[in-house]
Amino acid sequence: MPFLLYHGRSQRHGGRRFAAAITAGVMAIAALLLAPRPAAADTPWLNVSEDGYASFSIPAAAVEAGVGPVSQVVIEGNFGPSFTWAEFGLTRRGEVWSGVLGPLRPGLYSYQVTGDDTKGLKDPTNNTGVASKPLWSTFFVPGDAARLLVDAPQGQGGKVETLTYRTEHQERSAQVWTPPGYAAKGPQAYPVLYLQPGDGGSATDWLDLGRAKQILDNLSIRRAMEPMVVVISDGDASADLRKAVAGRYRVHRDPAHQAIAGVAEGGTRALRAVLNRQGQYAYAGSFSGLLTDGAGRADANAINRHVKLLRLYTGNVTDPAYNAANRLTKALDRARIRYEFDGVNPDAGANWNAWQENLIDFVPRLFRRVQDHGPSAGHGRLKGEFAPPAPGTTPTPFVTEDGFVTFETTAAFTDAQRVKVWANWAPNGSWLRIPLSREGDRWRATVGPLDPWFYYYRLMVDGVSVKDVSNPTKVTTEPTWSTFLVNGDKARLLTDVPAGQGGQVESMTYRSGVANQDRTALVWTPPGYDPDRAQPYPVFYLQHGGGQSYTDWVEMGRAKQILDHHFLDGNLVPMVVVMGNGNVPDFNKELLENLVPAARARYNVSDDPSQQALAGLSMGGGQTFGVLKAFPGRFAYVAAFSAGFGSGAGVDAEAINSGTKLLRLYVGDQTDFVYPSFMTSLTTLNNLGIRYEFDGVTPGPHGWDVWQKNLIDLAPRLFKR
């Protein structure tokens with residue numbers, strides 16, 4: 001069973017027909033371990049492991065009861081690169097929609113359940129909520145990077161209460177945090193920070209999504225901030241609010257003890273408050289503020305005299321404020337207005353994950369002297385405005401040197417309602433869908449930063465899978481897929497070697513008696529391959545997975561690039577690699593009676609079992625195990641990627657041990673759907689006494705990100721014992 005369903009169709013990384021080809025024993029074990037149990041009404045739909053994996057298990061009946069019949073279910077949340085909003089597709093298995101995503105970075109995540117793009121549903125088993133987003137729930141992934149976001153120990157934090165006040169036209173309210181030890185009466189007055197959300201936001205967003213209480217509590221406990229009163233409004237920092245605060249709380253009223261900050265448009269209002277109304281606030285912070293009119297006619301002398309701190313924050317190029325920050329810093333420099341810039345946050349855009357960090361940096365700088373006025377650790381400089389190519393001027397996607405990728409459709413989808421790009425950019429290669437935005441007669445989005453690696457994607461136009469025709473790459477077995485590479489050291493082994501230095505890949509046509517047709521394999525020969533060499537070359541038979549074919553290891557697995565680099569690096573024994581078509585009812589016969597003889601007839605390869613290797617992924621791994629069981633010793637080097645061994649009945653363990661120099665096994669993490677059956681296989685092998693090596697869990701799902709890493713590890717180990 002593949003890992004994702006979309007409108008009832010399997011969208012796998014190489015396992016569509018896995019269940020049809022794997023041995024009956026593996027099927028039985030996998031069915032037993034993988035089938036989710038129907039959930040009771042109070043059974044949590046979400047479980048988060050200590051290491052950050054989010055497991056969703058949602059009863060289909062609950063979804064239908066909430067929003068009616070649906071053909072697909074996704075979890076929408078801030079799971080994408082830079083914490084952008086994205087969709088994680090669930091698979092229906094029996095009566096449950098389920099999926100595992102992760103590992104997620106430490107921090108706060110928000111999500112909702114959505115069926116068929118428009119039918120939103122609140123998770124009723126999660127008692128968290130977001131007041132301004134009734135369908136949202138939240139969950140927290142702990143870790144050192146999020147240590148200031150955790151709840152403070154009972155009784156040690158400050159208090160949050162609601163302040164109701166009147167303006168000229170209506171009654172309004174704000175949330176007010178008072179520090180630990182605050183008392184309504186006493187000689188001490190406190191400075192005040194006015195904290196604002198963006199347009200369309202609510203004062204409660206700073207509590208529900210910004211973790212403001214936790215941040216302020218933890219900073220207070222660590223004595224990393226001055227005691228202050230923090231007023232969280234809904235965008236109003238009017239005289240009426242300030243008067244109400246002064247009337248109820250023991251606060252200073254002079255400008256030197258007043259601060260203002262906000263996110264997005266709230267940040268813009270904070271900027272205007274200090275640039276256009278000098279003498280009201282001594283401290284101001286703009287978190288992704290969008291001040292488009294620069295410093296205007298601001299009085300630099302007055303601002304510099306009254307404002308003790310003006311600090312600017314922005315996310316990376318996915319933050320709409322990124323270009324505005326470029327323009328604003330230049331305008332402030334020209335006007336000679338003093339300010340500080342926190343630097344570009346490389347890992348987040350305009351979202352609460354970034355703004356939490358901004359608040360953590362900003363608050364300790366208020367109402368006290370600080371030594372450090374530079375950017376936060378890891379933050380970079382502004383490099384000028386970000387401007388993707390003009391629409392229609394370049395093939396897509398457009399990839400920057402630092403891993404930001406801009407997707408753009410043609411004008412063919414002008415009338416579409418929803419366009420998304422669905423790619424393997426979730427943690428370690430899981431698939432997420434990110435919505436594109438309409439720009440003129442096209443749809444666009446910039447995503448990133450992506451780690452250096454190989455990526456594959458499809459466009460989803462109103463629920464239909466569509467090829468990005470502006471991208472010339474192709475995947476033969478998946479006509480709507482396209483690929484791209486983000487360069488970098490991590491991806492070096494997946495890049496093309498210099499022209500003329502690598503091996504050759506050519507097609508080999510042979511007659512298949514099993515399939516009763518002519519078939520094709522792709523064959524890699526090493527640089528300097530000599531068909532007349534006295535000593536035949538070792539040969540490695542490398543198999544694909546279910547729903548794939550002989551082209552996939554080259555088009556998706558980057559086998560040529562991996563083999564070329566290993567050879568040029570001196571890591572690879574010169575060998576011939578044969579990538580055949582395993583889509584046959586009798587793989588053992590196809591391999592031994594058709595593919596192997598054809599390779600020996602055409603290439604100078606050895607027939608000595610000690611010089612032969614066999615490996616495969618998913619279905620191909622199951623086929624590899626089948627050959628190992630039926631013909632122990634025919635291949636001295638054997639490996640399986642993301643496949644289970646199956647039953648040990650009738651297996652000749654002694655023959656396998658005596659005839660196999662290397663049996664090496666690989667599997668993805670718990671997002672790999674064969675993980676349970678694979679781990680059972682290790683017990684089976686142990687009980688049989690079969691010697692093997694386990695590479696350990698490869699971080700990632702049942703997909704090419706994992707299998708590329710597996711080949712990178714395996715190839716240099718062949719024919720060296």
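**A helix pair, then a sheet**

I began with helix H12 (residues 559–568) and helix H17 (residues 704–714), whose axes come within 10 Å and cross at roughly 25°. I kept in mind that this is a predicted model. Angles under 35 degrees count as roughly parallel, so I put H12 and H17 down as roughly parallel to each other. I also looked up the hand of the H12 and H17 crossing, and it is right-handed.

Next I asked which residues of H12 meet H17. On the H12 side I found Ala-559, Ile-562 and His-566, and they meet Gln-708, Leu-711 and Ile-712 in H17. Sorted by class, this contact of H12 with H17 has four nonpolar, two polar and no charged residues.

Then I turned to a sheet. It is open, has eight strands with mixed pairing, and I read its order as E12-E13-E15-E14-E16-E17-E18-E19. At the edges I found strand E12 (159–166) and strand E19 (340–344), each pairing on one side only. Neighbouring strands of this sheet are turned by 20° against each other on average, direction ignored.

Inside the sheet I picked strand E14 (residues 192–196) and strand E16 (residues 258–263): they run parallel and are joined by five bridges. Tyr-194 stands opposite Ile-260 in E16.

Technical notes. Residues numbered from 1 in each chain as written. Predicted model: local features only at pLDDT ≥ 70, side-chain atom pairs only at ≥ 80, totals over all residues. Heavy atoms only, no water. Axes fitted to C-alpha atoms, helices over the stretch in contact; angles between N-to-C directions. Helix = DSSP H or I, 4+ residues; strand = E, 2+ residues; numbered from the N terminus. Parallel < 35°, antiparallel > 145°, perpendicular 65-115°, else oblique. Left-handed = near helix turned anticlockwise from the far one by under 90°. Contact = heavy atoms within 4.5 Å. Nonpolar A, V, L, I, M, F, W, Y, C, P; charged D, E, K, R; others polar. Pairing = 2+ DSSP bridges.
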